[in-house]
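The sequence and structure come first.

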Amino acid sequence: MSFFLSAGSIIGLLLIVLVVVALVRAIQIVPQPRALVVERLGKFHSVMYGGLHVLVPFIDRIAARVDLREQVTSFQPQPVITADNVVVSIDSVIYYQVTDPMYATYEIANFIQAIEQLTVTTLRNVIGSLDLEATLTGRDSINTQLRGVLDEATGRWGIRVNRVELKAIDPPPSIQHAMEQQLRAERDKRAAILTAQGVRESQILQAEGEKQSAILRAEGQAQAAITRAKGEAEAINTVFTSIHEGKPTPDLLSYQYLRTLPEIAKGDASKVWVVPTELTAALDAITKGFKGSGEDQN
């Protein structure tokens with residue numbers, strides 16, 4: 001009897017443990033950014049999102065746990081041939097997000113590998129229609145085309161491609177060296193052009209300055225000559241006015257004329273003397289004047 005009691009106790013304990021394990025497995029707490037794909041008797045039943053859920057023990061099974069956050073995947077560099085037969089190595093990055101856990105679980109076996117292979121084939125199609133220069137300068141256009149193709153293809157897998165980026169586009173070393181030489185030549189050319197333009201502008205400014213200086217100098221000389229001429233004219237006018245107002249006699253005028261002759265002779269350029277007729281007339285007037293005064297004394 002004790003043997004049967006001990007066996008019954010063991011069975012009871014086993015049943016209790018089994019019930020506890022079943023309850024523990026039946027109660028599922030799903031984190032907010034995740035989802036559980038549940039199968040019932042081997043067939044898709046439901047998708048459980050964040051919160052507390054209860055499964056039917058031994059009937060329901062969790063088929064997949066899906067992360068609903070946006071994820072990023074970097075693919076290995078892929079050799080791609082451009083339209084001008086240049087092999088370039090392209091390193092790409094994909095930003096994607098699972099929008100439907102059921103399709104992501106049942107429509108594709110490995111969606112990461114599928115996206116990678118689709119990216120490679122799409123890159124070859126897009127880059128194959130562009131030459132090297134267009135490939136290096138058209139990253140935005142290539143990214144847009146890749147995203148359009150990938151988003152359309154992955155939509156039926158319950159995946160949305162949010163962004164596609166080309167991290168690096170590396171041409172062969174020989175092409176890189178040629179491009180560096182070309183860039184160096186372009187920089188030297190621009191530097192020479194800028195230097196020539198600077199010299200030309202400097203010469204133009206210098207010529208303009210000299211022109212303005214000459215114009216101002218000429219204007220100053222002309223103004224000085226005009227002012228000097230006006231002064232001489234005013235001085236002559238003043239002298240003549242004074243003479244006419246004093247009513248000088250011919251004897252006085254002749255005498256002043258003789259006094260002026262030594263001043264004229266002081267100039268270094270006075271090499272030849274020309275005696276005008278007025279001088280003879282002046283001397284005659286002076287002589288007559290002295291004679292007249294002598295006779296009066298007698």
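A salt bridge is a side-chain nitrogen of Lys or Arg within 4 Å of a carboxyl oxygen of Asp or Glu. Side chains of opposite charge can pair when their charged atoms come close. The model is predicted, so local features need pLDDT of at least 70 and side-chain atom pairs count only at pLDDT 80 or more, while totals for chains, interfaces and linings use all residues. Residues are numbered from 1 along each chain as its sequence is written, and side-chain values use heavy atoms, with hydrogens and water left out.

**Salt bridges**

The whole structure holds 6 salt bridges.

| Pair | N to O distance |
|---|---|
| Asp 67 and Arg 34 | 4.0 Å |
| Lys 167 and Asp 91 | 3.5 Å |
| Arg 163 and Glu 165 | 2.8 Å |

Asp 67 and Arg 34 form a salt bridge. Asp 67 lies in strand 5 and Arg 34 in strand 2 (residues 34-40), so this pair ties together parts that are 33 residues apart in sequence. Strands (E, at least two residues) are DSSP runs numbered from the N terminus. Asp 67 is buried at 15% relative accessibility, whereas Arg 34 is partly exposed at 35%. Here buried means under 20% relative accessible area, exposed over 50%, and partly exposed in between (1.4 Å probe, protein chains only).

Arg 34, Asp 67 and Arg 69 are linked in a network of salt bridges. The side chains of Asp 67 and Arg 69 are also joined by a polar contact of 2.8 Å. A polar contact is a pair of N or O atoms within 3.5 Å; within protein, one must be able to donate a hydrogen and the other to accept it, and residues adjacent in sequence count only if both atoms are side-chain atoms.

Lys 167 is partly exposed at 46% relative accessibility, and Asp 91 is buried at 15%.

In the pair of Arg 163 and Glu 165, Arg 163 is partly exposed at 48% relative accessibility, and Glu 165 is partly exposed at 26%.

**Surroundings of Asp 67**

Leaving aside neighbours within four places in sequence, Asp 67 is in contact (heavy atoms within 4.5 Å) with Pro 33, Arg 34 and Val 98.

Notes: Helix = DSSP H or I, 4+ residues; strand = E, 2+ residues; numbered from the N terminus.
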